[in-house]
Amino acid sequence: MPSEIPTTADYIIVGGGLAGCAVASRLHKGNPGKSMILIEAGADPSGHPLTTEPLHSFAAHYSDLDLYSYCSYSGR
Ligand SMILES: Cc1cc2nc3c(=O)[nH]c(=O)nc-3n(C[C@H](O)[C@H](O)[C@H](O)COP(=O)(O)OP(=O)(O)OC[C@H]3O[C@@H](n4cnc5c(N)ncnc54)[C@H](O)[C@@H]3O)c2cc1C
């Protein structure tokens with residue numbers, strides 16, 4: 001990660017989940033000269049106990065890595 005976060009880019013992708021990372025990868029491969037910012041709300045999970053062992057992932061629901069368990073939906 002750069003020490004200073006750039007304020008402009010050719011592409012800004014919000015959300016570094018599966019879809020966001022796939023879009024970022026495809027855009028980078030198709031446009032290697034273009035700049036890109038990928039904004040992710042969650043913490044960096046690398047090295048977290050729930051991400052280092054595959055079977056531990058089942059405990060991710062309602063853990064500190066699970067942002068969506070704390071969301072509510074209007075139903076509309
Ligand atoms: C515990 C758990 C286990 C799962 N196991 C499996 C499995 O074994 N196999 C399978 O196929 N699927 C599994 N899923 C489902 C799979 O994770 C989702 O279907 C998939 O991640 C959806 O991809 P996505 O890109 O739509 O959303 P996500 O991968 O959730 O990505 C969305 C990203 O956007 C970020 N974000 C949200 N709001 C903002 C904002 N305002 N600003 C910046 N960033 C933001 C979030 O932090 C998140 O990282 C599991 C899900 C959970 C919760």
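Domain bounds, as used here, come from an automatic or database domain assignment. In this predicted model, domain 1 (9-41) and domain 2 (47-76) both give residues to the shell around the ligand, so the ligand lies between the two domains. The protein chain holds two helices and two strands, and from the N terminus on these elements follow the order β-α-β-α. The points below treat the ligand shell, the strands and their crossover, the exposure of the chain, and several individual residues.

**The shell around the ligand**

- The ligand is surrounded by 16 residues, and the closest are Gly15, Gly17, Ala19, Ala41 and Ala60.
- Seven residues of this shell are nonpolar, seven are polar and two are charged.
- Helix H1, which spans residues 18-30, gives the most to the shell, with three residues.
- Glycine 17, one of the closest residues to the ligand, sits in the loop between E1 and H1.
- Glycine 17 counts as exposed because it has 11 C-beta neighbours inside 10 Å, and a residue is exposed if that number is 12 or fewer.
- Alanine 41 is also among the closest residues to the ligand; from glycine 17 it is 24 residues away in sequence and 9.9 Å away in space, C-alpha to C-alpha.

- Strand E1 (residues 11-14) and strand E2 (residues 36-39) run parallel and are joined by four bridges.
- Between E1 and E2 the chain passes through H1, and this β-α-β crossover is right-handed.
- Isoleucine 13 has leucine 38 of E2 standing opposite.
- Isoleucine 12 belongs to strand E1 and, with neighbours within four places in sequence left aside, is in contact with Ile37 and Ile39.
- Isoleucine 12 and isoleucine 39 are 27 residues apart along the chain, and their C-alpha atoms are separated by 7.5 Å.
- Isoleucine 12 counts as exposed because it has 12 C-beta neighbours inside 10 Å, and the exposed class takes in residues with 12 or fewer.

**Exposure and contacts across the chain**

- Of the 76 residues in the protein chain, buried residues make up 0%.
- Among contacts between residues at least 6 apart in sequence, 39% join residues at least 24 apart.

**Residues in the helices**

- Cysteine 21 has its place in helix H1.
- With 14 other C-beta atoms within 10 Å, cysteine 21 is partly exposed, because this class lies between the exposed limit of 12 or fewer and the buried limit of 20 or more.
- The C-alpha atoms of cysteine 21 and leucine 38 are separated by 8.1 Å, while the two residues are 17 residues apart along the chain.
- Threonine 51 is found in helix H2 and counts as partly exposed, with 14 C-beta neighbours inside 10 Å.
- Apart from neighbours within four places in sequence, threonine 51 is in contact with Pro45 and Ser46.
- Leucine 65 is 14 residues from threonine 51 in sequence, and the distance between them in space is 9.6 Å, C-alpha to C-alpha.

**Tyrosine 62 and its backbone angle**

- Tyrosine 62 lies in the segment after helix H2 (49-52).
- Most residues other than glycine have a negative phi.
- In tyrosine 62, a residue other than glycine, phi has a positive value, near 65 degrees.
- Tyrosine 62 is exposed because 10 other C-beta atoms lie within 10 Å, and the exposed class covers 12 or fewer.

How values were computed:
Residues numbered from 1 in each chain as written. Predicted model: local features only at pLDDT ≥ 70, side-chain atom pairs only at ≥ 80, totals over all residues. Near = placed C-beta within 6 Å. Nonpolar A, V, L, I, M, F, W, Y, C, P; charged D, E, K, R; others polar. Pairing = 2+ DSSP bridges. Right-handed = clockwise from strand over helix to strand, strands pointing away. Contact = placed C-beta atoms within 7 Å.
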